[in-house]
Amino acid sequence: MIIDSHQHFWNYEIEKHSWINDEMKVIRRDFLPKDLKPIYNQHSITGCVAVQADQTLEENDFLLKLAADNNFIKGVVGWLDLQNNNIEKSIEQYASNSLFKGVRHIVQGEEDPNFVLRKSFSNGVSLLEKYQLSYDILVFPHQLGATLEFIERFPNQKFVIDHIAKPYIKDGFYSGWATLINAISKHENVYCKLSGMITEADYKQWNYEQIVPYMELILASFGPKRIMFGSDWPVCLVAGNYNEVKKLVSQFVTRLSNSEQAAFWGENAIEFYNL
């Protein structure tokens, strides 16, 4: 059983998706379930978790409708304004939908490196556990210090690091990222997705050997029971195709036992997101 724990859908709009720059123009188009389903059939993918790419409630509704209409979409990670004083009403509303599994804020886009430590943001996050919702952490390496302090505030909240915290693989930077990721991994309520790695390397010249040290650090830190597969489709298409993304991690996890591989490919995502 293979669960893709991280992928996106969108109807492309220039303003809404302004983060798709000229280097990424290959993904300036619509990406919907009808585009992904044949790829999943080809690669024997059982199902997926659809993750927000736009910070609106309309995005939640869009993804939940897709999930209701396509049974291979097993859950949705949406967006909520966690800094809103009346946030619990929104949390309660969306948590009542069994397909709504968690929340994500695009913290990597915030100029304040300590954004996650804001009292208003923490107040919102503090309510997620009550409604059995997870939180996806999307940050750059320079935000990991604040992230460590942030997760220490919530020892019972389920967290997952997206895209191994986007280390600067292209530039070969490693040590600072590795030190903080290792410290974060000591908190057993935190998981990590082996996802989004080829787009942090050189889009045209990345290779397996270049990315292995980063995957090795994640495995050593989190262990096989707290890591999960994610394709980051269609963003991955900027640097490769679905087959290349899957092959990258497939080659790496051959070092694991059969039961550990089963955990990585699907069981960990099922447990984390209550799929």
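**Stop 1: the largest pocket**

Start with the lining of the largest pocket: twelve nonpolar, nine polar and twelve charged residues. The model is predicted, so keep that in mind as you select. The pocket holds about 860 Å³ of space. Its lining counts 33 residues. To find the centre, select Trp 19, Met 24, Lys 166, Tyr 203 and Val 235, the closest lining residues to that point.

**Stop 2: Lys 166**

Stay with one of those central residues, Lys 166. Look for Lys 166 in the loop between E6 and H6. Is Lys 166 buried or exposed? Its relative accessible area is 13%. That is under the 20% cut-off, so Lys 166 counts as buried. Now show its neighbours. Leaving out residues up to four places away in sequence, Lys 166 touches Gln 108, Leu 138, Val 139, Phe 140, Pro 141 and Glu 200. Zoom in on Gln 108. Its side chain and that of Lys 166 are joined by a polar contact of 3.0 Å.

**Stop 3: helix H7**

Select residues 208-222, which form helix H7. How far apart are the end C-alpha atoms of H7? They are 21 Å apart.

Next, colour the buried residues of H7. They are Tyr 208, Ile 211, Val 212, Tyr 214, Met 215, Leu 217, Ile 218, Leu 219, Ser 221 and Phe 222. As you look down the axis, remember a general rule: an α-helix has 3.6 residues a turn, so residues three or four places apart point the same way. Then show what covers the buried residues of H7. The cover includes helices H6 (175-185) and H8 (242-252). Strands E6 (159-161), E7 (190-194) and E8 (227-229) are also part of it.

Asn 207 caps the N-terminal end of H7. One of its side-chain oxygens lies 3.2 Å from the backbone nitrogen of Glu 209. After H7 comes Gly 223, with a positive phi near 75°.

**Stop 4: the cavity**

The structure has one cavity of 30 Å³ or more. The largest cavity has a volume of about 50 Å³. Which residues line the largest cavity? Select Leu 194, Ser 195, Gly 196, Met 197, Ile 198, Gly 230, Ser 231, Cys 236, Val 245, Leu 248 and Val 249. Helix H8 gives the most to this lining, with three residues. By class, the lining has seven nonpolar, four polar and no charged residues.

**Stop 5: Lys 246**

Remain on H8 and pick Lys 246, which lies in this helix. Lys 246 counts as buried, because its relative accessibility is 17%, under the 20% limit. Beyond residues up to four places away in sequence, Lys 246 touches Ile 2, His 43, Ile 45, Phe 229 and Trp 265. Lys 246 and Asp 4 are 242 residues apart along the chain, yet 9.9 Å separates their C-alpha atoms.

**Stop 6: Lys 158**

Finish in the loop between helix H5 (144-152) and E6, at Lys 158. Its relative accessible area is 28%, so Lys 158 is partly exposed. Contacts of Lys 158 include Ser 134, Tyr 135, Asn 189 and Tyr 273. Where does its side chain reach? Another is the backbone oxygen of Phe 272, which lies 2.5 Å from a polar atom of the Lys 158 side chain. Last, select Lys 130. Lys 158 and Lys 130 are 28 residues apart in sequence, and their C-alpha atoms are 11 Å apart in space.

Technical notes
Residues are numbered from 1 along each chain as its sequence is written. This is a predicted model: local features need pLDDT of at least 70, side-chain atom pairs count only at pLDDT 80 or more; totals for chains, interfaces and linings use all residues. Side-chain values use heavy atoms; hydrogens and water are left out. On a 1 Å grid over the protein atoms alone, a cavity is a set of points where a 1.4 Å probe fits but cannot get out, and a pocket is an open set with protein on both sides within 12 Å along at least five of seven lines; lining residues have an atom within 4 Å of a point. Grid points are joined across faces, edges and corners, and a volume is the space filled by probe spheres set on the points. Ala, Val, Leu, Ile, Met, Phe, Trp, Tyr, Cys and Pro count as nonpolar, Asp, Glu, Lys and Arg as charged, and the others, Gly among them, as polar. Helices (H or I, at least four residues) and strands (E, at least two) are DSSP runs, numbered from the N terminus. The expected span of a helix is 1.5 Å times one less than its number of residues. Buried means under 20% relative accessible area, exposed over 50%, partly exposed in between (1.4 Å probe, protein chains only). Contact means heavy atoms within 4.5 Å. A polar contact is a pair of N or O atoms within 3.5 Å; within protein, one must be able to donate a hydrogen and the other to accept it, and residues adjacent in sequence count only if both atoms are side-chain atoms.
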